[in-house]
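Welcome, and please open the structure in your viewer. We will go from stop to stop, selecting side chains as we go.

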Amino acid sequence: GKNGVSVGKTSAYDQCTTCARKHVKSAWSKWQEFTYEEDNRDYVSAQLRDAADHLKFSHRETALKLRDLAIVIEENRDAEFGNVAQALDALRIETKDLFYADHPDARSRLEALNG
């Protein structure tokens, strides 16, 4: 969670950049997966909505972007919207930055690994 403490139970509504990042990475990795496009659209939009739930109070602007992209995907409005893959990647980076803002120690450990 946000405090870096392992907990036995979490809610879908807990405000947690770790959880949001997990959901966005899952959505990003499944977008346009070969031969599963239609089923994965449902999966991706659901993951984006789950991520939005984890940010809707603490990071409302990002949550709204996640929800809006989920709607684009659910309503098959890609042609009107533009590049969904690019938007997903931007949200992946945005949620990663939110995560590192909450967990600067994780960024420090990564930097130490990279020398």
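How many aromatic pairs does the count come to? The count comes to 1 aromatic pair in this predicted model. Select phenylalanine 99 and tyrosine 100 to see the pair: the ring centres are 5.4 Å apart and the planes are at 55° to each other, which is a tilted arrangement.

Arginine 21 lies over the face of the tyrosine 100 ring, 5.6 Å from the ring centre.

For another charge over a ring, select arginine 92 and tryptophan 28. Here arginine 92 sits over the face of tryptophan 28, at 4.5 Å from the ring centre. Aspartate 89 is partly exposed, with a relative accessible area of 25%.

On to the other salt bridges. How many are there by the count? The count comes to 10 salt bridges.

Select arginine 41 and aspartate 78, which form one of them, with the closest N and O atoms 2.6 Å apart. Arginine 41 is in helix H2 (residues 37-55) and aspartate 78 in helix H4 (residues 78-81), so this pair ties together parts that are 37 residues apart in sequence. Is arginine 41 buried or exposed? Its relative accessibility is 16%, so arginine 41 counts as buried, the limit being under 20%.

Stay with helix H2 and select arginine 49 together with glutamate 74. Their side chains meet in a salt bridge, at 2.7 Å from N to O. Because arginine 49 lies in helix H2 and glutamate 74 in helix H3 (residues 60-74), the pair ties together parts that are 25 residues apart in sequence. Arginine 49 is partly exposed, with a relative accessible area of 31%, and glutamate 74 also counts as partly exposed, at 38%.

For the last stop, select Glu75, Arg77 and Glu80. These residues are linked in a network of salt bridges.

Terms used:
Residues are numbered from 1 along each chain as its sequence is written. This is a predicted model: local features need pLDDT of at least 70, side-chain atom pairs count only at pLDDT 80 or more; totals for chains, interfaces and linings use all residues. Side-chain values use heavy atoms; hydrogens and water are left out. A salt bridge is a side-chain nitrogen of Lys or Arg within 4 Å of a carboxyl oxygen of Asp or Glu. Helices (H or I, at least four residues) and strands (E, at least two) are DSSP runs, numbered from the N terminus. Buried means under 20% relative accessible area, exposed over 50%, partly exposed in between (1.4 Å probe, protein chains only). Rings of Phe, Tyr and Trp (its six-membered ring) pair if their centres lie within 6.5 Å; planes under 30 degrees apart count as stacked, over 60 as edge-to-face and the rest as tilted. A charge sits over a ring if NZ of Lys or CZ of Arg is within 6 Å of the ring centre and within 35 degrees of the ring normal.
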